[in-house]
Amino acid sequence: METTVKRSHPKGLWYLFGTEMWERFGYYLMLGIFSLYMLDGWNNGGMGFDPAKKSDIYGTYLGLVYLTPFIGGLLADRVLGYRKSIIMGGLMMATGYFLLSIHSVTTFYIALFCIILGNGFFKPNISTLVGNLYSGDDMKDKKDAGYNIFYMGINVGAFICNFVAAYMRINYGWGHAFAAAGVGMLIGVVVFLIGTKHIKHVDVIKPVQEGDMSTGKILGLTVLPMFIFGIIGYIIPGNFLGSDTNDAFIIGCIPVIGFFIYLAFKAEAKESRAIKALLAVFTCVILFFAIFHQNGDALTVWAEDHTDRNMPTAVSNIADKLGMAQVVVNNDIVSADQATFDKTIEEMRAKEAAMPAVSKEELTAKGKYSSEIGQLEKSRKYFTTLPGDQVPAKGTDLKLYSTELYQSINPFWVVALTPLVVGIFSWLRRRKKEPSTPTKIFIGLVITALSALVMVGAVFATNDLTMKASSWWLIASYGVITIGELCLSPMGLSLVSKLSPPRITALMMGGFFLAISVGNKLSGMLSSLWEEMPQKENFFFLNFGLVLAAAIVLLLMLKWLNSVMKENNVA
């Protein structure tokens with residue numbers, strides 16, 4: 001069925017846009033509260049993990065959630081097809097979010113497994129379908145713009161979700177917030193099913209060609225060794241990468257990385273050059289994602305502990321009525337000396353533990369008392385670095401922007417800036433001056449490095465963390481990194497679609513997500529250094545140096561990369 005209107009974007013794009021918007025609504029709702037949930041005390045409804053365990057789990061989860069697309073992309077290419085894979089993946093992810101709404105250690109880990117596996121089937125294949133919609137000669141010059149529009153859908157969902165997360169968490173607790181993520185994912189699946197008639201013509205399973213490795217052999221040479229290497233990394237005495245899970249993850253990735261290198265050298269000459277070019281870009285963008293995905297960990301901690309989140313009165317009056325304000329209180333307990341405060345909280349926790357919890361009324365009463373204790377602890381922590389003249393008088397409170405709302409700053413900038421970035425590149429294209437896709441990625445890396453310097457300024461503004469920084473520092477930093485993101489992340493998806501040999505497009509898309517996976521794991525490893533670095537500006541200087549180094553490496557390869565693009569008749 002022909003669904004492309006001349007000189008406009010394919011109709012299928014808008015259904016993929018809607019599907020991805022709702023899928024990312026669920027994904028980023030969960031991610032926006034994930035670190036806060038793990039740090040919150042068990043009696044408050046959280047997991048009660050210490051900061052090191054939180055960063056370890058965060059990085060491992062983000063790493064694995066982008067590692068499985070390698071498997072999902074391969075199976076979609078060869079066996080399942082893209083639409084079936086997307087529906088399967090969406091339902092698995094919804095299951096995971098609903099399981100997270102159950103306050104249990106067992107269901108916590110089962111839920112993460114479901115989300116990790118579901119994302120593997122969903123993520124590479126919806127991105128591949130977007131590229132396939134632009135495979136015709138009349139559409140290929142619009143592919144970059146198509147991916148930018150698709151990327152904006154991601155961020156519409158990511159922007160909305162944190163307001164829902166804040167409302168559900170403040171008014172009903174963690175479980176309801178995670179359940180809202182599951183509902184969002186189910187809506188995404190429904191949107192996809194409604195629009196499938198506009199997409200099915202580009203859902204084509206690629207037959208294995210003569211000389212190609214069988215699907216079973218690929219899985220046998222990658223997935224099985226990945227588990228074996230991972231187990232070896234986990235049981236090796238000592239931790240050369242900081243923790244057993246870090247060692248297991250990075251060592252486990254070695255067979256998969258080795259497979260892609262083998263693929264590059266085994267292919268015929270022209271395909272080999274294209275795959276090598278993709279792998280070179282993948283290597284450079286690892287460090288972008290290592291920095292970018294600290295928004296859910298180190299930067300969330302920064303927003304929670306070191307950012308002035310006080311709402312202006314005009315905003316707080318409305319937010320309070322909508323149940324969207326986080327409240328901190330000052331009273332005799334909060335303002336007491338440290339020893340008295342600690343003793344009081346200990347006594348309250350003992351009383352909480354002794355409270356009956358059988359009937360519905362008893363459970364409600366115990367939950368309410370737990371929330372009161374949690375509010376006292378969070379109030380005390382917030383006031384620690386607040387100037388004395390800003391601490392409210394005893395018996396009064398402050399209304400704060402909920403920490404997870406800061407996760408909406410980046411997607412807000414994406415939605416606001418995407419038309420501008422697309423417009424600039426379109427203007428340059430009409431004048432035959434549009435940068436090549438690899439050049440756009442290089443520009444994105446440089447701009448990303450600059451965003452880290454904004455946070456260096458934020459650290460200095462706190463006077464060595466004795467004060468709170470204005471929210472404008474985070475808003476500015478997210479604004480800068482968003483420009484870098486728009487030059488890099490959707491362009492990476494576009495580059496894979498342009499250069500990949502057609503029969504392994506989803507597999508190579510899985511390779512791009514493997515690079516994101518390694519970058520995400522590194523983000524958790526870097527974030528774990530946050531607690532260890534007394535001079536926090538050095539943490540952001542480290543981020544700056546790492547991304548700038550990746551940009552320099554890519555700059556040295558630009559001439560070669562552009563020649564490969566030209567050889568494949570793409571820009």
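Q: Which helix supplies the largest share of the lining of the largest pocket?
A: Heads-up: this is a predicted model, where local features need pLDDT of at least 70, side-chain atom pairs count only at pLDDT 80 or more, and totals for chains, interfaces and linings use all residues. Residues are numbered from 1 along each chain as its sequence is written, and side-chain values use heavy atoms, leaving out hydrogens and water. Helix 2 (51–65), helix 3 (69–80), helix 5, helix 8 (215–235), helix 9 (244–266), helix 10 and helix 18 each put in at least two residues (helices are DSSP runs of H or I with at least four residues, strands runs of E with at least two, numbered from the N terminus). The top share, 10 residues, belongs to helix 2.

Q: How much space lies in the largest pocket?
A: Its lining has 50 residues, with Thr60, Tyr61, Leu64, Thr245 and Phe249 nearest the centre. On a 1 Å grid over the protein atoms alone, a pocket is an open set of points with protein on both sides within 12 Å along at least five of seven lines, a cavity is a set where a 1.4 Å probe fits but cannot get out, and lining residues have an atom within 4 Å of a point. Points are joined across faces, edges and corners, and volume is the space filled by probe spheres set on them. For this pocket that comes to about 1,300 Å³.

Q: What is the volume of the second largest pocket?
A: Helix 14 (360–383) is among the elements that each supply at least two lining residues, along with helix 6, helix 7 (174–194) and strand 1 (325–329). Helix 14 gives the most, with 10 residues. The volume is about 1,100 Å³.

Q: Which residues are closest to the centre of the second largest pocket?
A: The lining is made up of 35 residues. Closest to the centre are Asn44, Arg169, Gly173, Gly367 and Ser371.

Q: How many charged residues are in the lining of the second largest pocket?
A: Here Ala, Val, Leu, Ile, Met, Phe, Trp, Tyr, Cys and Pro count as nonpolar, Asp, Glu, Lys and Arg as charged, and the others, Gly among them, as polar. The lining has 13 nonpolar and 16 polar residues. The charged ones number six.

Q: How many cavities of 30 Å³ or more does the structure hold, and what is the volume of the largest?
A: Counting cavities of 30 Å³ or more gives four.

Q: Which residues are closest to the centre of the largest cavity?
A: This cavity is lined by 23 residues. Those closest to its centre are Tyr28, Tyr66, Tyr151, Ile154 and Phe292.

Q: Which helix gives the largest share of the lining of the largest cavity?
A: By class, the lining has 12 nonpolar, eight polar and three charged residues. Five residues, the largest share, come from helix 6.

Q: Which residues is Phe260 in contact with, leaving aside its neighbours within four places in sequence?
A: Contact means heavy atoms within 4.5 Å. On that basis, and skipping those sequence neighbours, Phe260 meets Phe70, Ile275, Leu279, Leu507, Met508, Gly511 and Leu514.

Q: How far apart are the end C-alpha atoms of helix 16?
A: The expected span of a helix is 1.5 Å times one less than its number of residues. For the 25 residues of helix 16 that should be 36 Å, which agrees with the model's separation of 37 Å.

Q: Is Ile33 buried or exposed?
A: Ile33 sits in helix 1. Beyond its neighbours within four places in sequence, Ile33 is in contact with Ala165, Trp174, Ala177, Phe178 and Glu404. Its relative accessible area is 0%, so Ile33 is buried.

Q: Which residues does Asn132 touch, not counting residues up to four places away in sequence?
A: Asn132 belongs to helix 5. Its relative accessibility is 15%, so Asn132 counts as buried. With those sequence neighbours set aside, Asn132 touches Tyr82 and Val202.

Terms used. Buried means under 20% relative accessible area, exposed over 50%, partly exposed in between (1.4 Å probe, protein chains only).
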